[in-house]
Amino acid sequence: MALGFRALPLTFLAHALAIAGAVMVLVWVLYYRGGMAWEAANKNLIFNALEHFKRDCRRMPAVFHDSWHFSYKSLPLKKEVKKVVHLVLHAIAIILGCVGIAAAFKNHNESNIANLYSLHSWLGITIISLYGIQWIYGFLVFFYPKGSPTLRSECLPWHVLFGIFVYILAVGNAALGFLEKLTFLESSGIAKYGPEALLVNFTAVVTVLYGAFVILSVLGQAPIEDDDSYSAI
């Protein structure tokens with residue numbers, strides 16, 4: 001499924017965007033939103049922790065899509081080593097995603113806010129569920145107990161396509177979350193063209209660009225050493 005360009009340069013761009021996005025979120029929650037905490041009288045700080053965990057899941061190169069792809073399409077490692085790296089990084093991403101969802105419920109419950117009332121929340125639950133199913137499916141078919149070569153060969157394209165689909169949903173839902181939060185903030189009085197609003201919008205743009213470069217790197221050519229790529233979300 002590789003296109004006629006090398007994946008390595010694109011992974012560097014994706015990592016740069018990931019770092020930029022993570023820094024922008026930290027500036028937002030620490031400077032404009034007063035910080036973050038798991039336990040606090042100000043329940044908005046719990047929500048800020050939610051934002052931090054959710055954006056980490058989508059941006060930090062050590063735990064999400066860009067990292068596994070960097071290991072599969074850029075590093076000259078053996079196939080079995082890449083599989084282990086792939087599984088571990090995605091397991092960490094699932095854990096962080098679950099922590100983010102727990103923070104959302106905690107913030108809503110302690111603030112007397114209804115749960116699961118928005119499209120963003122519906123998609124969030126759906127995406128983390130699909131992500132977990134994808135991980136279990138990949139573990140059973142490609143890692144242990146592992147299917148036959150024929151089964152793995154037939155399943156791999158669908159595994160890749162489904163993974164890309166879930167990833168695109170995740171990036172889109174992240175952008176939707178920025179829009180939803182900014183709408184709430186603007187209705188509470190922040191300036192529509194103020195520095196905080198501009199920061200949030202630009203962070204959403206960086207998120208979309210990050211997702212685009214990750215997808216392009218997925219479709220790029222792996223090193224010659226990668227003779228049996230197991231690329232999947």
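Predicted model: local features only at pLDDT ≥ 70, side-chain atom pairs only at ≥ 80, totals over all residues.

1. The protein chain contains 7 helices and 0 strands, and the order of elements from the N terminus is α-α-α-α-α-α-α. Of its 233 residues, 47% count as buried. Among contacts with a separation of 6 or more, 76% are between residues 24 or more positions apart. The accessible surface is about 11300 Å², and carbon and sulfur atoms account for 73% of that area.

2. Annotated spans. The unreviewed UniProt entry places the feature "transmembrane region" at residues 12-32, 84-105, 125-144, 156-179 and 199-219. Two of these spans can be set against the model. Residues 12-32 are 100% helix and 0% strand, with 29 Å between the end C-alpha atoms. Residues 84-105 are likewise 100% helix and 0% strand, and their end C-alpha atoms lie 32 Å apart.

3. Helix H4. H4 has 32 residues and reaches 47 Å from first to last C-alpha, close to the 46 Å expected at 1.5 Å a residue. After H4 comes Asn112, with a positive phi near 55°.

4. How many salt bridges are counted in the model? The count comes to 3. One of them joins Lys83 to Glu80, with the closest N and O atoms 3.8 Å apart. Both residues lie in H4, 3 residues apart, or about one turn of the helix. Lys83 is buried, at a relative accessible area of 2%, whereas Glu80 is partly exposed at 38%. The side chains of Glu110 and Lys106 also meet in a salt bridge, at 2.7 Å from N to O. Because Glu110 and Lys106 are 4 residues apart in H4, about one helical turn separates them. An α-helix has 3.6 residues a turn, so residues three or four places apart point the same way. Glu110 is partly exposed, with a relative accessible area of 31%, while Lys106 is buried at 15%.

5. Arg33 forms a salt bridge with Glu196, and the closest N and O atoms are 2.7 Å apart. This pair links distant parts of the chain, 163 residues apart: Arg33 is in the loop between helix H1 (8-32) and helix H2 (44-59), and Glu196 is in helix H7 (residues 195-219). Is Glu196 buried or exposed? Glu196 is buried, because its relative accessible area of 7% is under the 20% limit. Arg33 counts as partly exposed at 25% relative accessibility.

6. Gln134. This residue is found in helix H5 (residues 119-143) and is buried, with a relative accessible area of 4%. The C-alpha atoms of Gln134 and Val166 are separated by 9.0 Å, although the two residues are 32 residues apart along the chain.

7. Backbone geometry in the loops. Most residues other than glycine have a negative phi, and most peptide bonds are trans. Several places in this model deserve a look on that account. Leu116, in the loop between H4 and H5, has a positive phi of about 55° and is not a glycine. Leu116 is partly exposed, with a relative accessible area of 40%. In the loop between H5 and H6, Lys146 has a positive phi near 75° and counts as partly exposed at 32% relative accessibility. Which peptide bond is cis? The bond from Tyr144 to Pro145 is cis, with omega near 0°. Pro145 is found in the loop between H5 and helix H6 (149-187).

8. Nonpolar surface patch. Val84, Val88, Ile92, Phe143 and Tyr144 make a nonpolar surface patch of about 430 Å². One of the patch residues, Val88, is found in H4 and counts as partly exposed at 44% relative accessibility.

Methods: Residues numbered from 1 in each chain as written. Heavy atoms only, no water. Patch = residues over 30% accessible without salt bridge, like charges linked within 9 Å, V, L, I, M, F, W, Y side chains within 5 Å. Areas by Shrake-Rupley, 256 points an atom, 1.4 Å probe, with all protein chains shown as cover. Salt bridge = Lys/Arg side-chain N within 4 Å of Asp/Glu carboxyl O. Helix = DSSP H or I, 4+ residues; strand = E, 2+ residues; numbered from the N terminus. Buried < 20%, exposed > 50% of the residue type's maximum accessible area, 1.4 Å probe, protein only. UniProt positions renumbered as here; feature names shortened; annotations may be inferred. Expected span 1.5 Å × (residues − 1). Contact = heavy atoms within 4.5 Å.
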